[in-house]
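User: Hi! Could you walk me through a few spots in this protein?
Analyst: Happy to, let's bring it up.

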Amino acid sequence: MSAVWRAARAAVGRRKVQTFVIALVVLCSTTTVLLALGLLAAASGPFDKAYSAQRGAHTVATYDTAKVSGPQLAATAHRPGVAAAAGPFGQAVVDVPGDWLWMPPGPLTVVGRADPAGPVDRVEVLVGRWAEAPGEIVVDWGIDGAPYADLLGTKLEVPGVPTLTVVGFATSMSKSAAAWVTPEQVAALHPASAQMLYRFTDSATGAQLRDSLARTTAELPADSVTAAQNYLTLKKIFSSRADAYLPFMGLFGVLGLLVSALIVGNVVSGAVVSGGRHIGVLKAIGFTPNQVVAVYLTMVSVPAVVGCVLGTLLGNALAGVILQVAFSGIETGLAGVDSLSPWLSAAALAGMPALVLLTALVPALRAHRLPAAQAISAGGAPRTGRGLRVQRALASSRLPRSVSLGLGHPFARPGRAFMTMAAIVLGVTTVTLATGLTSTMVAYAKAGHDTGGPGVAVHAGSADGRPAQPLLSDAQIEERLRALGAQEVRARGLTQVSLVGYAQPAFGSFYRGSLSGARAMFVEGRPPSGPGEISAGPAFLTERGLAVGDRVTLEANGRRTTATIVGELIDSNARSLESTWETLDLLAPGTRAVDYTVRLAPGADARAYADAVDAADPGLRAEAGASGNAATATVVGFSSVFSVLLTLVASLGVFNTVLLNTRERRRDLGMLKSIGMTPRQVVTMTVTSVTGIGLVGGLLGIPLGILAHRLVVDNVGIVSFPESMKDVWHAPQLTAMLLAGIAIAVLGALLPARSAARMTIASALHTE
């Protein structure tokens, strides 16, 4: 075994460039695959683990207490298929008239529970304590970060309702309530509903959950269930952004693995072909065929392990940033998603070297079969017989001799040429995919923002978000904003609304006024323009089974109104909808605007305008310019970085091929130089030998990249890109993509071509 290691170590020392190529490509592939697997695991693993630890409810069912009694609800806990149940708990809806804590005005679902424990939905108290007496309330912590202890003691004062003091912040993976009080306190809030929490024996699919709930409520009065929320919906919300990143990260991972396999196979194949004499010597001095194979496998294992370790470290370093963006704005509860699971790193450390060995095994077996006498007798003699017909046809053409010789080289080694072309195809595919994604995401980030002059966001309220109304009224603020130079002003009111028949409330943004370019934010339909019209994003519609044209009933502050969905936004939160100010007047008359979007004239000074707004009213805060889009920056940055890396790796594959070719043809190069070929002609011949491969690779890689781009943008669940954002391919871009294949080939061939040009005739002809 020591002899095998010494021979492999010597081979690594002789092939420094190939060793570097393998290490780099394995590093890139490991990083990409690890991040993709990390996103895939984070999309379900942490949620399932936290949900199981809290004994989360498979279904949270809300009942109308006017139609069903407490004993009847308690009896459902013993129905067939119910593994565990908790309740009934009284449930009341408190209409908060103004901003409270971090929540806008609107309905607050309050449930009465004696303690946070129980067989189902064990609520975790994060700060403070559980409500133990009337007048105390525990609030669900539904925002990122740790709870703010200084918010304990905050009062909730609602007309007609006893004053409640916040004594704790808690989290429930089941999202069964927005706040909890004691059972005695909830009775004073006059609850009209009761809540039951179920865990079913059959809970894997939505159909099983619906069937289980139907069996459980079969003996109850008809229409007694007013809402039912299952955990699969919460899980989908939890993973929605991560699922959006998976398609493109998964594709980059697959491309990286394919490039790894091609280049490793090419390196080992070239080493076997060019090292025929070395193989013969090893066998002649006593190496068995299996030991010879072990030498070549060990030769690629060393850089593969190094690249895999570095790639795993890099993947773990990048995971925090990627996961933070993927889960930003998501209520994660106790589910930890800030780092990769250790088993993923272990799988990468074991799997990538194994893949490299498996890829290298096929060409290495050629050394196993090669007889020692045949290997030694090969020497440095030139090989003939392959591609002669094509080479003769090119020689008889009017092309310069250096060009015709170069174009004929790939036909002498068709297998190697095919693997090189495949690497270029994948490189061009990656560049095309990255270019398309960048164009789509840039168009998405600019939608609705690239018309007219600069924009300014004006917030009504103090900097820390505490209630502090501006001195001016809404009408006076809009008048002042226009007087200061605004061409367009749009006010936004924010309140929580309930959708009758759905458990989770929604955050409603209600607009007064319009901005040019607003229609560009819609993939289907149009913006709301009158009372009773709403729009929402794809995540909101999908999770509720709604579509443009459907009608829903909105409820807030004890008022209801019927609304029609008139448009689907390109992107929006799964719990947010948009409507008009007229609709807000039907639900919560008198609500003030929380912010204003201002569009200035082209060329106007946005910073000066923002300063003027700040001076106009101490309750207004203006921000010049739009904030960056984290998702766009992440996609563009990630795809650009890995596009560069995989393109570089593809170029290194070409480099390896040309390097092997020049080493094999040293004798031919010496003879050509001896009869008058200049160094410049040598460079031309060598570069031309892969230029044709690069051109064909570009022609094949472009349609694959376009197909991959369409596959990604059509499968982003939280965004519905309109056709105008998907159709990003034009003649200049396609031409550039075609040239990318040639550029990859030339970039990889240039260094070994210059090295061949500097080779002296004596050193080239000195072989044996």
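**A few spots in the model**

User: Which side chain does Thr 564 make a polar contact with?
Analyst: The side chain of Thr 564 is joined to that of Arg 551 by a polar contact of 2.8 Å. Keep in mind that this is a predicted model.

User: Where is Thr 564 placed?
Analyst: Thr 564 lies in strand 17, which covers residues 559-569.

User: And what else does Thr 564 touch?
Analyst: Leaving out residues up to four places away in sequence, Thr 564 touches Gly 532, Glu 533 and Ile 534, along with Gly 549, Asp 550 and Arg 551.

User: New topic: which residues form the nonpolar patch on the surface?
Analyst: That patch is formed by Val 305, Val 306, Val 309, Leu 310, Leu 313 and Leu 349. Together they have about 490 Å² of accessible area.

User: Which helix gives the largest share of the patch?
Analyst: Helix 9, residues 289-326, contributes five residues, the largest share. Leu 313 is in helix 9.

User: Is Leu 313 buried or exposed?
Analyst: Leu 313 counts as exposed because its relative accessibility is 57%, and the cut-off for exposed is over 50%.

User: OK, over to helix 20. Which residues are buried there?
Analyst: In helix 20, residues 666-674, the buried ones are Leu 669, Gly 670 and Lys 673.

User: Why are they on the same side of helix 20?
Analyst: They cover an arc of only 100° around the axis, so they sit on the same side of helix 20.

User: What comes just after helix 20?
Analyst: Just after helix 20, Gly 676 takes a positive phi of about 115°.

Key: Residues numbered from 1 in each chain as written. Predicted model: local features only at pLDDT ≥ 70, side-chain atom pairs only at ≥ 80, totals over all residues. Heavy atoms only, no water. Helix = DSSP H or I, 4+ residues; strand = E, 2+ residues; numbered from the N terminus. Polar contact = N/O pair within 3.5 Å; in protein donor to acceptor, adjacent residues only side chain to side chain. Contact = heavy atoms within 4.5 Å. Patch = residues over 30% accessible without salt bridge, like charges linked within 9 Å, V, L, I, M, F, W, Y side chains within 5 Å. Areas by Shrake-Rupley, 256 points an atom, 1.4 Å probe, with all protein chains shown as cover. Salt bridge = Lys/Arg side-chain N within 4 Å of Asp/Glu carboxyl O. Buried < 20%, exposed > 50% of the residue type's maximum accessible area, 1.4 Å probe, protein only. Arc of directions from axis to C-beta.
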